[in-house]
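Hi there,

Here is the structure I promised to pass on to you. Have a look at it first, and then read my notes below.

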Amino acid sequence: MKLFVDTADVKELEMCLERGFPSGVTTNPLLVARSGCTDFGAHIRSMIDALIRHDAKIPLSVEVNTADPNKMADQAEEFVREFGDYPYLNIKIPIGWNELKVIAQLAKRNVPVNCTCCMSYNQAIMAASAGAKYVSLFWGRIRDIGYDAGSVVRATRESLDRRGLDSEIIVGSIRHIADVNEAIQAGGHILTVPPKFFAQMCAHPKTDEAVAQFMTEFRAWEQAVQASQMKRAA
Ligand code: E4P
């Protein structure tokens, strides 16, 4: 299972890259809009520059920002022209009947596609069958309307494995630290997580307690040794 960073914030991305665990990055138009940037192209370029600065040869998903399937292929080509010098670029295309045509076209052109906004087993299987490299299942949004996101991920994984389809499942729309554990256990290949959860994933009160006890006891021992050495020297 791989961890991706779900962000369009360069600072947050660099904080994660410095810690060595990211295996990829996912953005979407909402994250870009909330990043406070003023130029889409320049912003994606700054994310690519950060990845190169950290020598992170990892996939970066950039999503089309048109809902019109007729314009999606052109925009995808534009992204490939503009950002394709970054060899790990993939294009996010939302699932849909006409969007499948775009996914198939890009896959034929060896442009890696992350088929996004999938909420169901059927959508994910359609996208994988059309040639998507990644199928993104939205854990939080699936649960928003009372569906069991775990069963959707599990069923999709079983079918991809059984049918020998190469697509990988990205589980996204993570809303809570508990989602991380459950989504990993549900069998997603990849989990894309908002940066705010990673520090929590490293934290545990018993860890703090153990480290504090180790330090306290070691310092006490150090002082005892020094005191006995000074006594002997006196
Ligand atoms: C990832 O690729 C998705 O775009 C992202 O996880 C969606 O998260 P949201 O449902 O919280 O917007």
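**An aromatic pair**

Let's start with Phe21: its relative accessibility is 26%, so Phe21 counts as partly exposed. Please keep in mind as you read that this is a predicted model.

Phe198, in contrast, has a relative accessibility of 7% and therefore counts as buried. There are seven aromatic pairs by the ring-centre rule. In the pair made by Phe21 and Phe198, the ring centres are 4.6 Å apart and the planes stand at 50°, so this pair is classed as tilted. It joins distant parts of the chain: Phe21 sits in the loop between H1 and S2, while Phe198 belongs to helix H10 (residues 196-202), 177 residues away.

Next, find Val25 in strand S2, which covers residues 24-26. Is Val25 buried or exposed? With 0% relative accessibility, Val25 counts as buried, because anything under 20% does. Leaving out residues up to four places away in sequence, Val25 touches Phe4, Val5, Thr7, Leu13, Met47, Leu51, Ile58, Pro59, Leu60 and Ser61. Leu13 is in H1, and Met47 and Leu51 are in H3, which brings us to the helices.

**Two helix pairings**

Helix H1 (residues 10-17) and helix H3 (residues 40-53) have axes that come within 10 Å and cross at roughly 15°. These two helices are therefore roughly parallel to each other, and their crossing is right-handed. On the H1 side, Val10, Leu13, Glu14 and Leu17 take part; they meet His43, Ser46, Met47, Ala50, Leu51 and Arg53 of H3. Sorted by class, this contact holds six nonpolar, two polar and two charged residues.

The crossing of H6 and H8 is right-handed. From H6, the residues in the contact are Tyr121, Ala124, Ile125, Ala128 and Ser129, and from H8 they are Val152, Ala155, Thr156, Ser159, Leu160 and Arg163. Seven of the residues in this contact are nonpolar, three are polar and one is charged.

Methods:
Residues are numbered from 1 along each chain as its sequence is written. This is a predicted model: local features need pLDDT of at least 70, side-chain atom pairs count only at pLDDT 80 or more; totals for chains, interfaces and linings use all residues. Side-chain values use heavy atoms; hydrogens and water are left out. Helices (H or I, at least four residues) and strands (E, at least two) are DSSP runs, numbered from the N terminus. Buried means under 20% relative accessible area, exposed over 50%, partly exposed in between (1.4 Å probe, protein chains only). Contact means heavy atoms within 4.5 Å. Axes are lines fitted to C-alpha atoms, for helices over the stretch in contact, and angles run from 0 to 180 degrees between N-to-C directions. Angles under 35 degrees count as roughly parallel, over 145 as roughly antiparallel, 65 to 115 as roughly perpendicular and the rest as oblique. A crossing is left-handed if the near helix is turned anticlockwise from the far one by less than a right angle, and right-handed if clockwise. Ala, Val, Leu, Ile, Met, Phe, Trp, Tyr, Cys and Pro count as nonpolar, Asp, Glu, Lys and Arg as charged, and the others, Gly among them, as polar. Rings of Phe, Tyr and Trp (its six-membered ring) pair if their centres lie within 6.5 Å; planes under 30 degrees apart count as stacked, over 60 as edge-to-face and the rest as tilted.
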